[in-house]
Amino acid sequence: MTVSAKTEYACIAMIELAARYESGQPARLREIVEAQGIPQPFLVQIMAQLKAAGLVLTSRGAAGGYRLAQAPDRISLADIFQVIEGGGDQTESNLQKPTPATDALCGVWGQICQARTKILEEVTLANLAARVAEQPDEMFYI
């Protein structure tokens with residue numbers, strides 16, 4: 001499965017906000033950039049989209065920043081994907097002349113999209129924040 005960098009950054013930023021949710025303290029853009037390594041210009045665009053969709057709230061001033069609009073267990077990955085990528089996956093053939101084989105394939109593509117959507121709807125920010133909290137501070141990849 002290919003996920004755009006923008007969608008992945010949006011999910012990462014939202015996981016960061018989920019980790020801070022219980023404290024009630026908003027996160028400044030700079031803090032998210034530093035904690036997660038997301039390019040700031042990209043993050044500004046992402047947060048504006050998430051705010052417009054009602055997934056994050058902002059506050060101004062010295063103690064201002066971003067925070068989740070709802071509890072982390074009420075926001076799913078599907079909510080974030082919908083905002084950043086828009087709706088619907090392509091399940092139609094790209095070929096000009098459909099055939100029984102392309103129809104059969106499109107049926108499979110549709111099943112894959114349904115399974116993907118189901119998983120994205122089931123995984124919440126609370127689930128992901130808990131996974132992150134269980135990880136050691138430093139991870140080494142072989």
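Strands S1 and S2 form a hairpin with five residues between them. Gly61, in the turn of this hairpin, has a positive phi of about 100°. The model is a predicted one, and the values below are computed from it. S1 covers residues 56–59 and S2 covers residues 65–68. The two strands run antiparallel and are joined by four bridges. Within this pairing, Leu57 has Arg67 in S2 as its bridge partner. In a regular strand, side chains alternate between the two faces of the sheet.

The largest nonpolar core has 31 residues, and Met14, Leu17, Met47, Leu50 and Ile80 are the members that touch the most others. Two or more residues of this core come from each of helix H1 (5–20), helix H2 (29–36), helix H3 (40–52), S2, helix H4 (77–85) and helix H6 (125–134). H1 gives the most, with seven residues.

Two of these residues can be followed through their contacts. Not counting residues up to four places away in sequence, Met47 touches Ala13, Leu17, Leu29, Ile32, Val56 and Tyr66. Ile80 lies in helix H4. With a relative accessible area of 0%, Ile80 is buried, because the cut-off for that label is under 20%. Its C-alpha atom is separated by 7.7 Å from that of Leu50, although Ile80 and Leu50 are 30 residues apart along the chain. Leaving aside neighbours within four places in sequence, Ile80 is in contact with Ala10, Cys11, Met14, Leu55, Ile75 and Leu125.

Ser76 lies in the loop between S2 and H4. Its relative accessibility is 9%, so Ser76 counts as buried. A polar atom of the Ser76 side chain lies 3.3 Å from the backbone nitrogen of Ala78. Apart from neighbours within four places in sequence, Ser76 is in contact with Leu120, Glu121, Val123 and Thr124.

The cysteines remain to be considered. Cys11, one of the contacts of Ile80, has a relative accessible area of 10% and is therefore buried. Cys113 has a relative accessibility of 14%, so this residue also counts as buried. A disulfide is a covalent bond between the sulfur atoms of two cysteines. The structure holds zero disulfides.

Key: Residues numbered from 1 in each chain as written. Predicted model: local features only at pLDDT ≥ 70, side-chain atom pairs only at ≥ 80, totals over all residues. Heavy atoms only, no water. Pairing = 2+ DSSP bridges. Disulfide = S-S within 2.5 Å. Buried < 20%, exposed > 50% of the residue type's maximum accessible area, 1.4 Å probe, protein only. Core = buried A, V, L, I, M, F, W, Y, C linked by side-chain atoms within 4.5 Å. Contact = heavy atoms within 4.5 Å. Polar contact = N/O pair within 3.5 Å; in protein donor to acceptor, adjacent residues only side chain to side chain.
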